[in-house]
Amino acid sequence: FVNRIADANEPIEEIIAAPSVLVAKDKPKRNPHIPLPIDIFKGSADSRSNSKGIDMTNSDELKPLMKAMQEACASLPWQAGPLIKAKIKSDTQTTLYNPHQMTETVGFVIEANADDVATALEVAKAAEESWRQTSPESRALILNKMADLLEKHQPRLMAMLVKEAGKTIPDAISEVREAIDFCRYYAREGEAQLNVRLMPGITGERNEYRLLGRGTMVCISPWNFPLAIFLGQVSAALMSGNCVLAKPAEQTPLIAAAATDLFYSAGIPKEVLQLLPGRGEIVGAALVASPLIAGVLFTGSTETARLINRQLADRQGPIVPFIAETGGQNVMIVDASALPEQVVRDVLSSAFGSAGQRCSALRVLYLQEDVADKIIELLLGAMACLKVGDPGLIENDLGPVIDKEALGLLNDHLLKMEKEGRKLYQISLPESTQAGTYFAPCAFEIKSLSQLSREVFGPFLHIIRYKSSDLDQVMNEINATGYGLTFGVHSRINSNVEALADKIHAGNVYVNRNMIGAVVGVQPFGGEGLSGTGPKAGGPYYLARLCTEKVISINTTAAGGNASLLASAED
């Protein structure tokens, strides 16, 4: 188009013709070397089907989706409780409210108590050996069936994410897709890694290497990804041959219960996967302290991870794995060569997407002083276009923060920054948000990273100017925070990009793009230092960490020699 519009000999009617008309006229054939979206992973080492997306600009796809979500909401309020292979003993019921409209009851949850935890532990312990001996192919079959069920029930799951967690519709789509990808990825990795592997050795000896389930794993998941992270943890632990006791976040047990029910429909025995909603100080503490558990998978705050680590060290029984994914003081550095419009687009999505409630979200934006004024002007104009409101309406970009506690922490930080920083812009909230836990997204300019003692979890962007001559000092300050989750670079100078990527202590580095939305099996996710222990979720080393290793060495000469050698001689 750009070339043709400058050609005076081209008829204007052809230049402005709709591309779809031109395509239909030419009747091109699809290039067989370009795979369809569902097949992009086919033929690779990670050969699996990609999760299906939804074109939100296509009314033929959007209208049925919205209708199905509305029908799912007609069954409100939803119910949840302990899903254990025993009679529920607890009678502590908690009401859950819609963070967009705190007067709307989303559902009720019966919280597990210490007796429920003890019962679930005994049931899981009795089921460990049977599940450990289940073949990797059988376990993978269940995970793939679970992925299909997630796709089938996507509208209902999306409705729950919107109502219970305050997710926008695009975020809800992405989360269901991520959950599907986790199931299919770990199924594929399990089939590749968990079967018996023959090791090299001398003639007359057979050496087998096996990865086996450890026992019963505790999975403690957060509220900001109540489906994707919940199922990421659970599916990995199940695929590895472990029984699972899942403790969802107190704010989002309904979606966890729905996912657990789907896993039962997919074929997971009820004694192998049990759900224990409840308070961390009751359910979480009892699970972590038990000598019957074989490991803990946790996603949440660094402070809670430290507490779990101490509890595991003090408990009786063997030393067990602890996989922790925690937060980060995530930074993006923009130099003078960066394209301002691209920077602004990526900053908006990284800092304010999901109302800033991602552990990967951008918290601190460093702008080279030569271009800072221009980029800030563009950024503030773009912020003014963001729409905050009911996440169930497709036109809104941001929804509420999760609860009153989160809102209170953000308001406290706002007061602090109004004294210590310079407010650049804060979005005005519409009146329709007054009944919910909404925080107005804002941007402040500060002098130094040292003004931030901890991660601020929400739509709050801090901007710092820097001189190019001070870049080494800036990098040292970033690394000195001790966090190491995500890091962004915007630059069109390759040597700058390589130098920054090499120096930063961060698990995921993003160049000339946004810093959120890691794809399972494509961008394995996880940090270092205060941001996590590893291995990375959705990566090739995750399953092995959940297994014990066993080597069996057989003297084949004791049975009369190596039959394969005799067969080779005859051939």
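**Entry 1: Tyrosine 186**

Tyrosine 186 counts as buried because its relative accessibility is 0%, and the cut-off for buried is under 20%. I noted that this is a predicted model.

I then checked its ring partners. Tyrosine 186 and tyrosine 542 form a stacked aromatic pair, with 5.7 Å centre to centre and 25° between the planes. This pair links distant parts of the chain. Tyrosine 186 sits in helix H8, tyrosine 542 in helix H18 (residues 542–545), and the two are 356 residues apart. Is tyrosine 542 buried or exposed? Both tyrosine 186 and tyrosine 542 are buried.

I searched the whole structure for aromatic pairs and found seven. One of them joins phenylalanine 182 and tyrosine 186. That pair is stacked, at 5.7 Å centre to centre and 15° between the planes. Why are phenylalanine 182 and tyrosine 186 separated by about one helical turn? They are four residues apart in helix H8 (residues 169–193), so about one helical turn separates them. Phenylalanine 182 is buried too, with a relative accessible area of 6%. I also saw that ring pairs link Phe182, Tyr185, Tyr186 and Tyr542 into a cluster.

**Entry 2: Charges over rings**

Next I looked for charged groups over rings. Arginine 48 lies over the face of phenylalanine 41, 4.1 Å from the ring centre. Lysine 167 has its charged end over the ring of phenylalanine 225, at 4.0 Å from the centre.

**Entry 3: Nonpolar cores**

I turned to the cores. In soluble globular proteins, nonpolar side chains tend to be buried together. Here the largest nonpolar core holds 97 residues. Which residues touch the most other members? They are Phe263 and Val296. Helix H8 gives this core its largest share, 11 residues.

I listed the contacts of phenylalanine 263, leaving out residues up to four places away in sequence. Among them are Ile142, Leu143, Met146, Leu231 and Ser235. There is a second, separate core of 35 residues, including Val334, Leu367, Ala372 and Leu398.

**Entry 4: Histidine 462**

I ended with histidine 462, in strand E15 (residues 460–466). Histidine 462 has 1% relative accessibility, so it counts as buried. What lies 3.0 Å from a polar atom of its side chain? The backbone oxygen of arginine 363 does. Not counting residues up to four places away in sequence, histidine 462 touches several residues, including Arg363, Val364, Leu365, His413 and Phe444.

Definitions and conventions:
Residues numbered from 1 in each chain as written. Predicted model: local features only at pLDDT ≥ 70, side-chain atom pairs only at ≥ 80, totals over all residues. Heavy atoms only, no water. Buried < 20%, exposed > 50% of the residue type's maximum accessible area, 1.4 Å probe, protein only. Polar contact = N/O pair within 3.5 Å; in protein donor to acceptor, adjacent residues only side chain to side chain. Contact = heavy atoms within 4.5 Å. Phe/Tyr/Trp six-rings, centres within 6.5 Å; stacked < 30°, edge-to-face > 60°. Lys NZ or Arg CZ within 6 Å of the ring centre and 35° of its normal. Core = buried A, V, L, I, M, F, W, Y, C linked by side-chain atoms within 4.5 Å.
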